[in-house]
Amino acid sequence: NVIRSFKPFLGQGTDIHVGGVPRKPADVVGKLLSFVKKDALSRGLRRDFNRAVFTVPINMGGKARKELREAALQADLGAYQIVHEPLAALYGYFRRQPDFRRRIFELDRKIVLVFDWGGGTLDLTLCRFIGGNIVQIQNKGDDRVGGDRFDERIVNLVKKKHIQVHNLEEWPDEIPGAEATLNARCEAAKIRLSDQQSQTVLVGRYLKSEGPEHTLEIDLTREEFEEETKDIIDRGLENIDLLLD
């Protein structure tokens with residue numbers, strides 16, 4: 001079982017079902033943070049640590065942040081600071097540059113837009129450089145146009161084309177685990193269509209059927225992908241216009 005994009009579950013009061021077992025989102029995040037901490041220590045850190053800076057989407061509210069802190073404590077981590085993800089990305093970008101403080105002072109009074117189109121949300125932040133500091137002026141987050149929405153569109157398009165290819169009047173039962181495989185293959189196709197004109201989505205054992213429809217093998221073009229997701233792109237660009245206005 002694979003859990004995808006579980007950050008949005010934080011603060012929603014709903015469980016995540018894994019293999020038929022309901023789990024609290026904070027417990028799932030806590031498991032992940034425990035792994036991350038253990039992995040970091042295994043990579044040569046000289047000492048243990050019990051605090052961390054956490055980055056969150058723009059629209060993560062108080063309840064979700066509270067559950068994030070609870071999850072962190074399960075991993076023996078205190079939330080030293082919680083920072084918006086695009087602001088953290090902006091700071092990280094300058095921090096990696098030589099003599100980064102001088103560069104920030106050179107940009108004094110300048111305004112910069114950070115555009116962070118992630119899997120769960122589109123996060124936008126408008127910042128100004130003031131006296132060597134990065135100050136957030138305005139933020140906007142939209143969880144209806146994240147990368148996962150693109151994946152959903154591709155999955156639905158692939159299924160639609162599979163029905164058409166095999167003239168299916170009803171959808172046979174899927175083999176357990178096949179849907180997760182299809183989601184992963186569609187996400188990979190989305191990535192490759194960034195610089196290729198076509199991709200084949202293949203799941204060898206997809207449907208509980210004896211016929212050729214048992215195997216899912218559908219070709220997708222970049223043109224089809226762009227047409228299927230045009231409204232998502234338009235909504236994302238409208239968010240930028242609203243923020244700049």
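1. Let's start with confidence. In this predicted model, strand S1 (residues 16-18) has the lowest confidence in the protein, at a mean of 88, while strand S9 (residues 216-221) has the highest, at 97. The score here is pLDDT, the predictor's confidence in each residue on a scale from 0 to 100. Across the protein the mean pLDDT is 92, and 100% of the residues reach 70 or more.

2. A word on how to read what follows. Residues are numbered from 1 along each chain as its sequence is written, and side-chain values use heavy atoms, with hydrogens and water left out. Because this is a predicted model, local features need pLDDT of at least 70 and side-chain atom pairs count only at pLDDT 80 or more, whereas totals for chains, interfaces and linings use all residues.

3. Now the overall build. The protein has eight helices and nine strands; these are DSSP runs numbered from the N terminus, with helices (H or I) of at least four residues and strands (E) of at least two. Along the principal axes, the C-alpha atoms fill a box of roughly 70 × 40 × 35 Å.

4. How much of the protein is buried? Of its 245 residues, 35% are. Buried means under 20% relative accessible area, exposed means over 50%, and partly exposed is in between, with a 1.4 Å probe and protein chains only. The accessible surface comes to about 15,200 Å², and carbon and sulfur atoms hold 49% of that surface. These areas come from the Shrake-Rupley method with a 1.4 Å probe, and for residues only the protein chains shown count as cover.

5. Contacts across the sequence deserve a look too. Taking contacts between residues at least 6 apart in sequence, 60% join residues at least 24 apart. A contact here means heavy atoms within 4.5 Å.

6. On charges, the protein carries 38 positive and 39 negative ones, and their mean positions are 10 Å apart. Lys and Arg count as positive and Asp and Glu as negative, with His and the chain ends not counted. Each charge is placed at NZ of Lys, CZ of Arg, CG of Asp or CD of Glu.

7. Some of these charges pair up: the whole structure holds 18 salt bridges. A salt bridge is a side-chain nitrogen of Lys or Arg within 4 Å of a carboxyl oxygen of Asp or Glu. One of them joins arginine 235 to aspartate 142, with the closest N and O atoms 2.6 Å apart. Arginine 235 sits in helix H8 (residues 230-244) and aspartate 142 in strand S7 (residues 133-142), so this pair ties together parts that are 93 residues apart in sequence. Arginine 235 is partly exposed at 29% relative accessible area, whereas aspartate 142 is buried at 4%.

8. Glutamate 174 belongs to the loop between helix H5 (147-166) and helix H6 (178-192), and lysine 159 to helix H5, 15 residues apart. Lysine 159 also forms a salt bridge with glutamate 179, where the closest N and O atoms are 3.1 Å apart. Since lysine 159 is in helix H5 and glutamate 179 in helix H6, this second pair ties together parts that are 20 residues apart in sequence. Glutamate 174 is partly exposed, with a relative accessible area of 24%, and glutamate 179 is partly exposed at 24%.

9. Where does aspartate 99 lie? You will find aspartate 99 in the loop between helix H3 (85-95) and helix H4 (100-106). A network of salt bridges links Asp99 with Arg102, Arg103 and Glu106. Although aspartate 99 is not a glycine, it has a positive phi of about 55 degrees. Its relative accessibility of 45% makes it partly exposed.

10. Asparagine 167 also has a positive phi, of about 50 degrees, without being a glycine. This residue is in the loop between H5 and H6, and it is exposed, with a relative accessible area of 65%.

11. Is histidine 162 buried or exposed? This residue of helix H5 is buried, at 0% relative accessibility. Leaving aside neighbours within four places in sequence, histidine 162 contacts Leu168, Trp171, Leu207, Glu213, Thr215, Leu216 and Ile218.

12. Finally, isoleucine 3 is in the segment before S1 and is partly exposed, at 29% relative accessible area. Not counting residues up to four places away in sequence, isoleucine 3 touches Ile16, Val18 and Val28. Isoleucine 3 and arginine 46 are 43 residues apart in sequence, and their C-alpha atoms are 32 Å apart in space.
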